[in-house]
Each structure stands twice: as structure tokens, then as C-alpha cells.
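Please look over the sequence and the structure before reading on.

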Amino acid sequence: MRYQARAYWIALGITLSLVMPTVGSVVSTMYFPDSRFAHIPIHSLVEAVGGVMAIAIAGILVVEQPGKKSSDHYLWMASALCGMGVLDLFHSGVEPGKSFVWLHSTATFVGGVLFAFVWLGKRPRGMIKWFPGITFGLAVVFGIFSCANNARLPTMVVDGEFSTFARSLNIGGGLGFLVAGVFFVRRFHQRFSHEDWLFAVHTTLFGAAGILFELSVLWNVAWWWWHFLRMVAYLAALSYAVRAYLHAELELFDLNQKLSALNLDLDRTVEQRTNELEKTNKQLTHEQYLLNTLVANIPDAVFFKDLQGQFVRVNRAMAAYAGFSDPAEMLGKTDADVWVGNLPAETEEDERRILDTGVPLISKEEQVISPQGEPCWMLVTKMALHNDMGQLIGTFGIAREITNRKIQQQEIERMNEELRHARDVAEKANRAKSDFLANMSHEIRTPMNAIIGMTELVLDTNLDSTQREYLNVVNESAESLLTIINEILDFSKIEAGILDLESVEFDLREEIGTTLKSMGQRANAKHLELAWHVHSDVPVWLTGDPARLRQIVVNLVGNAIKFTEQGEVLVDVTCEQSNDSQITLKISIQDTGVGIPHEKLKSIFSAFEQADSSTTRQFGGTGLGLTITARIAEAMGGKIEVDSIPGQGSTFHVTLVFQASNRSQLDQQALPDLIDLPVIVVDDNETNRRILKEMLQSWNMIVETAEGGPQAIKVLQQTLSRQQGLPLVITDVNMPGMDGFTLTERLRSIAEYQDVAIIMLTSGGRPGDAKRCENLGVSAHLIKPVKQSELLDAILIAIGRRSQKQRIVASSQPSVTSTPLPGMKILLAEDGKTNQRLAVGLLSKWGHEVIVAENGEEAVAQFQADTFDLILMDVQMPVLDGIGATCRIRELERNTNRHTPIIALTARAMKGDREMCLMAGMDGYLSKPLRSAELSDILLGIAKTEVP
């Protein structure tokens, strides 16, 4: 309670307790000095009303007490008010005298004493709950006794004043009321309750009335204010009691209204829940109908069993499988009553396991023999059945007939067994095919080795022109035959599924340049321009199989040269797609040849197919080149396509997938030397001019182009007029009108052009060209198609940025003997006489000593008897083959510091041959027929290893 409200109630209490009696006394003295209140009828009325109000207040307190907390004082107050009320009623009905004062004083004393009991605190309610009634009865008896025995009552007034006994009763009762007032004032300050403050005022007023009652003897007028004071006290208590009762009634009314609302809500909820329950029951009935319909009509067998394995419910399908016309006939039966054979025992074991572990049985195949003796297969699923309390009450399951599927499965297994047998037969046949191919390779390459090798040996001797021409025809025919043999063997390896791919890092431009360099002579022989162009966005280094890349380029460029009579063949390489891990290249080979008819575009990639397959066709071949190319492209993650216009040429597009390389893609260290260096490109072929210009511009050079010699001289004059200095001249040799040599001679004859640096490009070497270039002061003479690295080296030499020891001089086919090698002692293990003579002839010609062994056993004996710099070991030999001989030799070397290089010689060219040789301890591998260049490279490598 706030301080302002507290001050208000304190002021009100003081006014009622002290001011009102004083004001009443003053008013009575001034206006009613002679009034005798005790002898007028209104006194009886006031006393009777006061008594009734006291009893009414007591009744209300008794009624309110059970619903109040900390309300034990209600019963003491009710008891006091009952006694006071009864005695006041008797007091109102007697004449003045002993009984008159006796009843009033006794009522004051009894009320004060009982009010003072509120300090007793909590007591068991059984002790005081009947005390108001007891007090009421005793007061009635005491009042009657007092009225009937007036003479026996003590004297209450002596000589116009209250007696000591009367004063004691009134003052004692007043003090009791004041004691109770202190109790309620204390509770008020503890709880700040209006009820406590009202009871404090009530008791204080009674106390003041009791103490000041004796004044009424001195001043009759005091009876007015004294009775008024008691009436105010009664009215205060009654007003609160009535207010509390009405408040309780209002609360009860509110509670009744809330209860009515709750009942209404409850009725609505019950109605709603009833409707929902009816709806749920309908849905449940419908669901049960659907479930029963499903179980009854499903073609699969559905069953429920109890803990003893007896059927408690089955559907029609289950009954039909068991041979019953009505599902009810199966109820109460077990599997032993229905099925025959081992099935009942198996099902009992399965169901017992399900009941013990709770683990369901899923999709188990069971063979059922019906009572009619018909076998069938069922796919069964079973699980434990629980009731709504979670208790285990049995099992249930579903079974589907799979007899037809089982028959099909058995048929499939039989077919798979046949397929496995067929596969084994095919693998055996494939191994036989591989062995046949290996033997064929050996048998064909062995005589081819002798033909080509001996022809090369004879060509290196002194021959007249006719003999040389005839032997060149033999050599070309042998090479052509070897190409056909290689195509057939490659195709056979692809068909046998033994095509393997390497994964190594390589320089793309070097690989393509080297590959096309070897084909330049063929293009020059047909007066064709062979050019190639790799776009700048294509990485320099890639990871993949460079050998298969070369094979694809050789096949497609070889076809383009074969089917082109005039014009050019262009190889264009672009980057189709790239990311951090993979690069997809698109290689386009464009020619100006005869073209391919539209109806033949698809068939040319089929084995043994050609656009012209007649026996009178102009161009020969096996028809396997494009097939092999397509298969290799597919193995490398790509494909091959072709565009062609008959009579105008064809363009083959090959996409290949390579892995990205971690190596730096471009070495730029030498390029700054070429920045802004002027250069003039002279070539009558527009494609060559465009490719060379783009290549030179990528090196930051200033490039001018000219179609021929006269235009080149004009461009040179314009360059000098702009005071840019003498430019570098890169010119083709073969040009109409003024060829490259004529242009060089013209420039050397003009004084201001004599010092110009010139690089010659030619499609083929002619006798005397190298000497003529040297006489004219040509810086470099390169064979077309030129590689980027070759051209860059030639430019650096021409402008004096590189040593002249690296001067590039053209040579169509450099001799393998041009590199001097120290003489070696070589052991040749070879059983073929022809191959012996060929190898001995080549090696002896190069200055090496050769010892021949007829078989592996002799080779091991020779190795033990002598020391050799190199062993050339044929793989297929009688007595002991090359693999066995190599193993024996490596075993002899195990505890020594000796290691003799052993190179395998074999006419086999199948997958695994190279690996088998290396695993046996060989250091290298040469396939027959032997190439003098390949053999020379082997010898050169061994010489570099042995000689620091």
C-alpha cells in the first residue's frame, strides 16, 4: 500500500475512534442538555437493532471463515458478537435498574474478553469451531437468568455513579477491545489489508465506548453519543461483512457463469469429439473394409498365426495354394496339417527364430508341395505379430508365387553357364589368335628384315643408275608391304582388345613437327605443300601417348598425300576444351585431293572398306588405316569425323583427350632477343605465308609477306626507306618465276642488300642445294614442313644470337653413319642365317666386331668365355630362347660388378612382348625388320653411357 493511502486510513481511524465521541459529547451538551435517552422508546429500538446486527455479523463471519486463509480470529470475533448481541437484546427489553446496567456491562466485558482472544493465534479448529454457538446459547441462558433475578444482581449504580464492579466490567471490556484493536493494527501494517484496518476501527470504537460508559451516569446526554458510537461500530462491521458476503456472492455468480460457459464449451467439445469419433469410426470402418478387401483379393498369399503356429486368418489366395475352397477351413490348422515334405519343419524353425529374436524373415525362397502334389516356388516374408499392448501374440506374413521366375532364373543360369563356356572358348581362341599373330609377325618380319636390310646395304655400295633405280623400287615395295603388314597386325591387336596406351609428358609441337618432317619427302615427291599449324592457345606440354598421336597423324596425312595430286595438305591443331586437369585437342587434316562421295563417308571407317573398292581403283591400300585411326581415337577419349566435297578435297577432324602437364608451358628466355626484329616471308603458297607470319608474330617480330621474289625486293626497299634496317628474309626455294636461289643471287648482287640474312625453306633436298646455299651465304637451309624449334634456332643463328656450331644444314635423309662411334665388341645371338648376314654386314660396316651365336645356349657359353660391349639377343631361338639366355646371363652377373647391355631382337610385335623382355633383364627392344637408324641410335646411346 502506498504511503498516501496508509495516511488516509490512519486519519479515518483516529477520527472515528477519538474525534467522533468528542464531537458527539459537545453536540449532545449543546443541543440536548435535558434529554433522557434511557427513558424513551428509541433506546430499546437502537439496542435491539445493535443486537441483531451483532448476531448477523457473527453469522457472516462463521460462514466466511472456512474460505479464508489465516481466519481463526473470525470465530473469536463471531463468539464475542454473539454474546454481545444476545445481551444487547435483553438489555433493550428491561427497565432501568440493576438488570439494565448489569446486562450492558456484562455484554461489554464478555465482548472485550472474547475479542482479546484473537491474539491466541492458530488453534485446531475442532476446539473453537462450535464456540460461537456455545456462546450464543450461554448468553441466552445468562440473559434470562439476569432478567428473572434482578434482586440478586449486584448493585451497579451508587449515588448516581457506577459502582466499582460496573466500572471494572466496562473498563475491562473496553481494554479487551483495545487489545484486539492492537492486533488488527499490527496485521494491517503487515499485510496492508482493508479488512484488518476496518476490524481495528471496529474494536477501537467498542473499546472507547466501554471505557467511557461511566460518563453516562454523570451526563445523561452521553447516552446519545455512546449509543451512536456503538451503532457506528456495528454498522462498520456489518458493512464489511455484507460487502464480503456480496463479494462472495458475486464471485459465486461469476463462477457459476464461468461454469455455465465451461459446461457450454464442454457440451460443444463433447459434440465435436462425438462427431469426430463418428467420422473416425466411419474412416476406420472404411479402412477396415479396404484392408479386408485387399487381404481377401490380393493374389499373394497372406496369413496370420498364433504362438502355436495355428492359422488364425488367411486370405483366399493362401487357401487356394493350400488346396482349400474356403479360407475358414484353414483356421486352427498348422503347416504340418497343410503341407507335405520338409516344409513344415523348416517353417516352424523359422517362426520360432522370429519369435525369439524379433528379426523378420525377408524374401526367402521356399519350395512348396501342395496337397495335390504339385511343386511350386514361393517368395516368403514373415515377421512377429504384436497386439495393441505390445505383447507378442504370433506371426504374420505374405508369400508370392515365383515358379515362372524361378524357371526363368534357372534358364538364365543355364544360359550364363553356356556363355561362360563360350567366353572360355573365345578367350582360348583369342589366345590362339594372339599366338598366331605373334608367329605371323615373326614369320613375315624375318624375311622382310632380310629384304629391307640387304637392300639398304647394297644401296650404300657403288651402283650404276639402273641398278640403284631397281633397288630403290625393291626398297619402296618392301616398305609398302611392311606398312600393310603393320596395319593388319595393328588391326588384329585392336580386335583382340590388346591395344595399350602410354602416359608420358611430351612437347606437342615437337612431336607433330618431327612426324610431319618424316613425311615431307613423300609430299615433295608429288609436288605438294605440306604445312602445319598449332594455335597459340594450345599448351606446349601434354601428358598422353605420343606414339599413338604420331600413328594417327601419319595415317591421316599419309592418306591425304596419297589421294591428293596437286595443291596442299594442311594439319591444323586447335584447343577445343580445357580445364585444370584435361585438354581436348581437335586435329584437322585438310587436303585438296579427290574427295569422298557422300554415300561413302560413313563406310570408310569400317574395316577393309575404301571409297573405291574396285580392283581397278587408282589408289591401293588395305582399307584399315582409317579404322585403326578411329579405334585409337576412341581409346584416347575422342572421335573422328570427315567433311568432303568430291573433286575439291576432304577434311578429317580428330578429337583427342590428353591430361594436363605440370611442366612450364613455354620457355620465354630467348624470345626477348626477337622483339621488333623485321622479317620478310617469301612464299607463293598463301597457307604457308599465313602460318609463318603467325608463328613469327608470336615471337614479337615485325612481319611482312611477299608472294614471290619481285614483290619481296619491293618490300625490302620500303623497309630500308623507313630506316628500319636490313630485315631477315625467310624464303621458299620452289617458287614460279623467280625461285629462292634466284632471289638470293639478285640480293647478293645489290650492294645495299648484300648483308641481308637469308633462311631457305625447301620441300625436298636436291643434290647440290647445300653447297649452293653455302656459296650464297645462306644462314640456314630447312626442310619443310619446318618445326618451330628448328626455325627459332635458325633465326637466332642468322642474326648472330647463337653459335655457328649449331648452324642448320638441310639433309633429306641424314646417314646413320655420320656420327662416328668407337668400335664395339658385339655378341649377336640369332638363329636365322639371313638375319645374321644382315646384322653382321651393318655392324661390320660401322667398324664393330661381331661374334655370332646360333642359339641361347651358345650365347651363354660365349658370354662366359669372353667380354662384350653389347649383346643383340633374338627372342625366338632353338635349344634356349632369348628370354632364358638373358636370365642365365643376369644370374652369372649377380655377384659381379659386370652388366652387359642386352638388346632384344624380335619379329613379334604383340602387347606384352616388350614388357616380358624388360622383366627378363634386357635393356632395350628392337622389332624386326631392323632399321639401320634405330640400330644406330641404340649403339649411340650405349656408347654415350660407357664413354664419359
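This is a predicted model: local features need pLDDT of at least 70, side-chain atom pairs count only at pLDDT 80 or more; totals for chains, interfaces and linings use all residues.

Strand 17 (residues 728–732) is largely enclosed by the rest of the structure, because five of its five residues are buried. Strand 20 (residues 825–829) is mostly covered, with five of its five residues buried.

**Helix 3 and helix 4**

- Helix 3 (residues 73–92) packs against helix 4 (residues 98–116) at an angle of about 175°, and their axes are 8 Å apart.
- The two count as roughly antiparallel because angles over 145 degrees fall in that class, and helix 3 and helix 4 are therefore described that way.
- On the helix 3 side, the residues that meet helix 4 include Trp-76, Met-77, Leu-81, Met-84 and Phe-90.
- On the helix 4 side, Phe-100, Leu-103, His-104 and Leu-114 are among the residues in the contact.
- Sorted by class, the contact of helix 3 with helix 4 has twelve nonpolar, five polar and one charged residues.

**Helix 21 and helix 22**

- The axes of helix 21 (residues 740–749) and helix 22 (residues 769–776) come within 11 Å and cross at roughly 15°.
- Helix 21 and helix 22 are therefore roughly parallel to each other.
- Their crossing is left-handed.
- Helix 21 contributes Phe-741, Thr-744, Glu-745 and Arg-748 to the contact, while helix 22 contributes Asp-769, Arg-772, Cys-773 and Leu-776.
- These contact residues of helix 21 and helix 22 comprise three nonpolar, one polar and four charged.

- Strand 15 (residues 678–682) pairs with strand 17 in the parallel sense over four bridges.
- In that pairing, Ile-730 of strand 17 stands opposite Val-681.
- Strand 17 also pairs with strand 18 (residues 758–762), in the parallel sense and over four bridges.
- The bridge partner of Ile-730 in strand 18 is Ile-759.

**Strand 20 and strand 21**

- Lys-825, Leu-827 and Ala-829 point one way from strand 20, Ile-826 and Leu-828 point the other way, and all are buried.
- Strand 20 and strand 21 (residues 849–853) pair in the parallel sense over five bridges.
- Within this pairing, Val-852 of strand 21 stands opposite Leu-828.

Methods
Residues are numbered from 1 along each chain as its sequence is written. Side-chain values use heavy atoms; hydrogens and water are left out. Axes are lines fitted to C-alpha atoms, for helices over the stretch in contact, and angles run from 0 to 180 degrees between N-to-C directions. Helices (H or I, at least four residues) and strands (E, at least two) are DSSP runs, numbered from the N terminus. Angles under 35 degrees count as roughly parallel, over 145 as roughly antiparallel, 65 to 115 as roughly perpendicular and the rest as oblique. A crossing is left-handed if the near helix is turned anticlockwise from the far one by less than a right angle, and right-handed if clockwise. Contact means heavy atoms within 4.5 Å. Ala, Val, Leu, Ile, Met, Phe, Trp, Tyr, Cys and Pro count as nonpolar, Asp, Glu, Lys and Arg as charged, and the others, Gly among them, as polar. Buried means under 20% relative accessible area, exposed over 50%, partly exposed in between (1.4 Å probe, protein chains only). Two strands pair if DSSP finds at least two bridges between them.
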